[in-house]
Amino acid sequence: MSHYEQLVEWRRMFHQHPEVSYQEYETTARLKEILEAHDIKLIDYSLNTGLVAEIGEGDTVVALRTDIDALPIEEQVESEITSQNKGVMHACGHDIHMASILGAALLLKEREVELPGRVRILFQAAEEVGSGAQQMVEAGVLEGVKAVTGFHNDPTLDVGTLAIKSGALTSAVDRFFIRIKAKGGHAAKPEESNDPMIILGQLLTSVQSIVSRNVSAFDSAVVTIGEVSAGNTWNVIPDSAHIQGTVRTFNNETRAFAEQRLQSICDGLGAAFNAEIELEYIHLPNAVMNHEGLTQIAQEAAHETGYKVEQLSQPKTIGEDFSAMSDTVLGVFSFIGSQSEYDLHHPKYNPDEAILKTAPEFLANLVQKLF
């Protein structure tokens, strides 16, 4: 079996047995079995799921990270490797990521005597809920680490293309819940109620003004409402309503402003309509910030591996909790083409496994350049 065929086999195994965040017990066991079979040392950080391995000797440490969790999505791709876990799917390609990092680990193991230090390989749980990387940081996996790198497959890019930029690469991700508490009643007697639907309509319009009328055209942000809920029948005015959504920003100033503006809108509408409007604002991953010098090194490694390197003109609005690691030590992250008709998080997402032909070599080369 060739190196590529082995990685495809592993990728398909992971794809058939996906597990959601913090439930990656079988995935962790499979990874451990593969690493031990190839005489790659495991390091105990007392993690419930996920694991850490090391290759090489010496004081200098460079880290290579992959995520391992799947999404609560029912797969709609019919093939011999369709998910066997109902309602769970590797719809973000973390199976591709694991196979790629395992491939890089095998290459680095072959070059172990040439390494000027240790490569610490991080198999991280719970990326999809935005907290797995921070958990690993708190466990101490980056102590003594000089630099950390990782990647995400990108189905909008052709296989053989790598996209990257220095500075902000992804957005900071925040989630908000807004709850309106008013006074319900009979739909035929609205004057006796304090209709939360009217407040809801004003709130929906006002929230959309945060970007269009408050954020400079030379800056950028996204505010999206993903759920609206109120009432349950046609002839009753409900007591309450709620919405939830997300804010995506690329610098701390805009991020803080968006939260403050949401709070002001809630306070103002609450006073205007004599209702209680409660905002719950949850900070999720920060923006991934690529170190300028490491970005240059990554581009060199990509060119040497044969990738077409695409310079991103602006960051992507997706979230990536790798930021917890690159906030802790110098980091660089990239996007590698996986060419799928359907995008990430779609039940028909189906990446091209040819990504596995070059991604491991790129990662191994990059890690060696980071020492």
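**Helices, aromatic pairs and polar contacts in a predicted model**

The model is a predicted one, in which local features need pLDDT of at least 70 and side-chain atom pairs count only at pLDDT 80 or more, while totals for chains, interfaces and linings use all residues. Residues are numbered from 1 along each chain as its sequence is written, and side-chain values use heavy atoms, with hydrogens and water left out. Helices (H or I, at least four residues) and strands (E, at least two) are DSSP runs, numbered from the N terminus.

The buried residues of α1, where buried means under 20% relative accessible area, exposed over 50% and partly exposed in between (1.4 Å probe, protein chains only), are Leu7, Val8, Trp10, Arg11, Met13, Phe14, His15 and Gln16. What covers these residues includes α2 (25-37), α3 (94-110) and α9, contact being defined as heavy atoms within 4.5 Å. Arg12, which is found in α1 (residues 3-16), is partly exposed, with a relative accessible area of 31%. Leaving aside neighbours within four places in sequence, Arg12 is in contact with Glu80, Ile81 and Glu353, and the side chain of Arg12 makes a polar contact of 2.8 Å with the side chain of Glu353. A polar contact is here a pair of N or O atoms within 3.5 Å; within protein, one must be able to donate a hydrogen and the other to accept it, and residues adjacent in sequence count only if both atoms are side-chain atoms. Arg12 and Ile96, although 84 residues apart in sequence, are 8.7 Å apart in space, C-alpha to C-alpha.

Helix α5 (residues 196-214) has 19 residues and reaches 26 Å from its first C-alpha to its last, close to the 27 Å expected at 1.5 Å a residue. A kink of about 30 degrees is centred on Gln208, the bend at a residue being the angle between axes fitted to the seven residues ending there and the seven starting there. At the N-terminal end, α5 is capped by Asp195, a side-chain oxygen of which lies 2.8 Å from the backbone nitrogen of Met197. The buried residues of α5 are Pro196, Ile199, Leu200, Leu203, Val207 and Ile210, and they pack against several elements, among them β8 (172-181), β10 (221-230), β12 (240-249) and α6 (252-273).

Asp174, placed in strand β8, counts as buried at 0% relative accessibility. The side chain of Asp174 makes a polar contact with the side chain of Arg255 at 2.8 Å, and a further polar contact of 3.0 Å joins the side chains of Asp174 and Tyr281. Not counting residues up to four places away in sequence, Asp174 touches Gly245, Thr246, Val247, Arg255, Tyr281, Ile282, His283 and Leu284.

Rings of Phe, Tyr and Trp (its six-membered ring) pair if their centres lie within 6.5 Å, with planes under 30 degrees apart counted as stacked, over 60 as edge-to-face and the rest as tilted. By this rule the count comes to three aromatic pairs. Tyr307 and Phe362 form an edge-to-face pair, at 5.8 Å centre to centre and with 90 degrees between the planes. This pair links distant parts of the chain, 55 residues apart, with Tyr307 in the loop between α7 (292-305) and β15 (308-311) and Phe362 in helix α9. Tyr307 is buried, with a relative accessible area of 5%, and Phe362 likewise counts as buried, at 1%. Phe322 and Phe333 form a tilted pair, at 4.9 Å centre to centre and with 40 degrees between the planes. That pair too links distant parts of the chain, eleven residues apart, with Phe322 in the loop between β15 and α8 (323-326) and Phe333 in strand β16. Phe322 is buried, at a relative accessible area of 0%, as is Phe333, at 1%. Phe322, Phe333 and Phe335 form one aromatic cluster, and the charged end of Lys316 sits over the ring of Phe335, 5.2 Å from its centre; a charge sits over a ring if NZ of Lys or CZ of Arg is within 6 Å of the ring centre and within 35 degrees of the ring normal.

Ser340 is placed in the loop between β16 (330-337) and α9 (359-369) and is buried, with a relative accessible area of 13%. The side chain of Ser340 reaches the backbone oxygen of Tyr342 at 2.8 Å.

Note on methods. Expected span 1.5 Å × (residues − 1).
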